[in-house]
Amino acid sequence: MEQSWFMFILSAIIINNILLIRFLGNCPFLGVTTAMDSALGMSAACIFVNVLSGVLCWIFQKAVLDTLGLEYLQTLAFILIIAGLVQFVEMVVQKVSPALYRALGIYLPLITTNCMIFGVAVLNIREDYDFMHTVVYSIATALGFSLAMVIMAGIRERMAIANIPKLLDGVPLGLITAGMIGLTFYGLAGIS
């Protein structure tokens, strides 16, 4: 059964959202979404790294690991590729936007260990996507991650001025909110 490109993209962005449904990449989701500027900056960095790492990892898997029969080195190779890309992005952001670099703080280097980035690279191989599907899936999942980050940042900015019980303030309410947003996205699962 061949899925249309529209449904493939919609599914990756919303229905099977990498953050809210597959629950990959929740560390920056809870840490950076307290302010919209930080969420947008982290989203941009994740889009860039996710697309490049997804494509580079797919190329490396097909050209080197599969060709030489070294599939068992996939995890190590993917981590090294992602770490190199994150270092590159960190240097660029530090030069281009020092304010964004300071706002992201520790979360920019944490992209290296962001399981969303690694998860997408592995899913591209596991789902046996061709090159075009890999590119589109990497872009769509990054956009889905960004959508979730922006929605959560908007909600958390409003929660900052709300009268919230002390017991729920911060991470507990963030997790409850993430669960509710995830249920909303998952409600569309029947159309895929």
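Mentor: Start on the surface: F48, L52, L56, I59, F88, M91, V92, V96 and F131 form a nonpolar patch with about 780 Å² of accessible area together. This is a predicted model, where local features need pLDDT of at least 70, side-chain atom pairs count only at pLDDT 80 or more, and totals for chains, interfaces and linings use all residues. Residues are numbered from 1 along each chain as its sequence is written, and side-chain values use heavy atoms, with hydrogens and water left out.

Trainee: How do I read a nonpolar patch, and which elements give two or more residues to this one?

Mentor: Patch residues have over 30% relative accessible area and no salt bridge; nonpolar side chains (Val, Leu, Ile, Met, Phe, Trp, Tyr) are joined within 5 Å, like charges within 9 Å. A salt bridge puts a side-chain nitrogen of Lys or Arg within 4 Å of a carboxyl oxygen of Asp or Glu. Areas come from the Shrake-Rupley method with a 1.4 Å probe; for residues, only the protein chains shown count as cover. Here, α3 and α4 each give two or more residues.

Trainee: Why does V92 count as partly exposed?

Mentor: Buried means under 20% relative accessible area, exposed over 50%, and partly exposed lies in between (1.4 Å probe, protein chains only). V92 has 36% relative accessibility, so it counts as partly exposed. Its place is in helix α4.

Trainee: Which residues does Y137 touch?

Mentor: Contact means heavy atoms within 4.5 Å. Leaving out residues up to four places away in sequence, Y137 touches F8, A12, I18, R22, V120, L123, N124 and Y129.

Trainee: How many helices and strands does the chain have?

Mentor: Both are DSSP runs numbered from the N terminus: helices (H or I, at least four residues), strands (E, at least two). This chain has eight helices and zero strands.

Trainee: Why is the chain called as compact as a globular protein of its length?

Mentor: The radius of gyration is taken over C-alpha atoms; the globule rule is 2.2 Å times the number of residues to the power 0.38. The chain's radius is 17 Å, close to the 16 Å that the rule gives for 192 residues, so it is as compact as a globular protein of that length.
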